Amino acid sequence: MVAGIAFQLATMSIFAVLAGDFFLRVVVRNNKSKNVLPREVKLVLLAMAVAFVMIYVRSVYRTVELAQGWDGYLITREGYFIGLDAALMFVAVAVLLVFDPVVLLRDPGPGADVYDSSEPKPTPPTLLEER
């Protein structure tokens with residue numbers, strides 16, 4: 001079990017480095033071109049960052065807890081479990097529930113004019129379309 005949670009922690013660490021690099025590149029590119037990310041995208045990125053940090057801290061706790069064994073200090077104290085496991089997961093889920101990426105980043109619909117007027121609007125494929 002310790003190997004599995006340690007592997008999860010290692011892959012999350014790699015993801016954190018790659019996501020941080022991506023975020024910095026987006027911020028630097030937006031600062032140079034004076035483009036501003038839409039508010040919805042900023043909210044989703046913030047929510048994902050908060051949820052990731054909560055899950056990462058929980059993974060660190062679980063790795064230490066399981067490394068101590070079944071009779072270890074952390075695994076035998078319910079307060080640590082509630083504070084470092086359940087509460088962190090509650091925050092992660094609550095943040096993504098409030099700032100739901102599906103709701104914030106949804107397609108505005110067929111009536112919304114989101115394309116440049118000089119470009120033709122793409123037509124979505126239909127199920128009955130001939131091939």
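Analyst: A term is needed before we begin: helices and strands here are DSSP runs, a helix having at least four residues and a strand at least two, and they are numbered from the N terminus. Please note also that this is a predicted model. With that term in hand, the chain over residues 40-59 is 100% helix and 0% strand. The end C-alpha atoms of residues 40-59 are 28 Å apart.

User: Which residues does UniProt list as "transmembrane region"?

Analyst: The unreviewed UniProt entry lists residues 6-28, 40-59 and 79-99 under that name. Residues 6-28 are 100% helix and 0% strand, with 33 Å between the end C-alpha atoms.

User: And how many helices and strands are there in the protein?

Analyst: The protein has four helices and zero strands. From the N terminus on, the order is α-α-α-α.

User: Let us take α2. What is its reach from first C-alpha to last?

Analyst: Helix α2 covers residues 39-67, which is 29 residues, and reaches 42 Å. That is close to the 42 Å expected at 1.5 Å a residue.

User: What comes after α2?

Analyst: G69 follows α2, and the phi of G69 is positive, near 90 degrees.

User: Which residues of α2 are buried?

Analyst: Among them are L43, V44, A47, A51, F52 and M54. Further along α2, the buried residues include S59, Y61, R62, T63, E65 and L66. For the protein, buried residues make up 17% of the 131 residues.

User: F52 has an aromatic ring. Which rings link with F52 into a cluster?

Analyst: Ring pairs link F52 with F15 and Y56 into a cluster. The count of aromatic pairs comes to three.

User: A change of topic: what is the volume of the largest pocket?

Analyst: The largest pocket has a volume of about 500 Å³. It is lined by 19 residues, and the closest to its centre are A19, F23, L45, M48 and A49.

User: Which helix gives the most to that lining?

Analyst: Helix α1 gives the most, with nine residues. Both α1, which spans 2-33, and α2 supply at least two residues of the lining.

User: How do the lining residues divide into nonpolar, polar and charged?

Analyst: The lining of the largest pocket has 14 nonpolar residues, four polar and one charged.

Definitions and conventions
Residues are numbered from 1 along each chain as its sequence is written. This is a predicted model: local features need pLDDT of at least 70, side-chain atom pairs count only at pLDDT 80 or more; totals for chains, interfaces and linings use all residues. Side-chain values use heavy atoms; hydrogens and water are left out. UniProt positions are given in the numbering used here, feature names are shortened, and annotations may be inferred rather than shown by experiment. Rings of Phe, Tyr and Trp (its six-membered ring) pair if their centres lie within 6.5 Å; planes under 30 degrees apart count as stacked, over 60 as edge-to-face and the rest as tilted. The expected span of a helix is 1.5 Å times one less than its number of residues. Buried means under 20% relative accessible area, exposed over 50%, partly exposed in between (1.4 Å probe, protein chains only). On a 1 Å grid over the protein atoms alone, a cavity is a set of points where a 1.4 Å probe fits but cannot get out, and a pocket is an open set with protein on both sides within 12 Å along at least five of seven lines; lining residues have an atom within 4 Å of a point. Grid points are joined across faces, edges and corners, and a volume is the space filled by probe spheres set on the points. Ala, Val, Leu, Ile, Met, Phe, Trp, Tyr, Cys and Pro count as nonpolar, Asp, Glu, Lys and Arg as charged, and the others, Gly among them, as polar.
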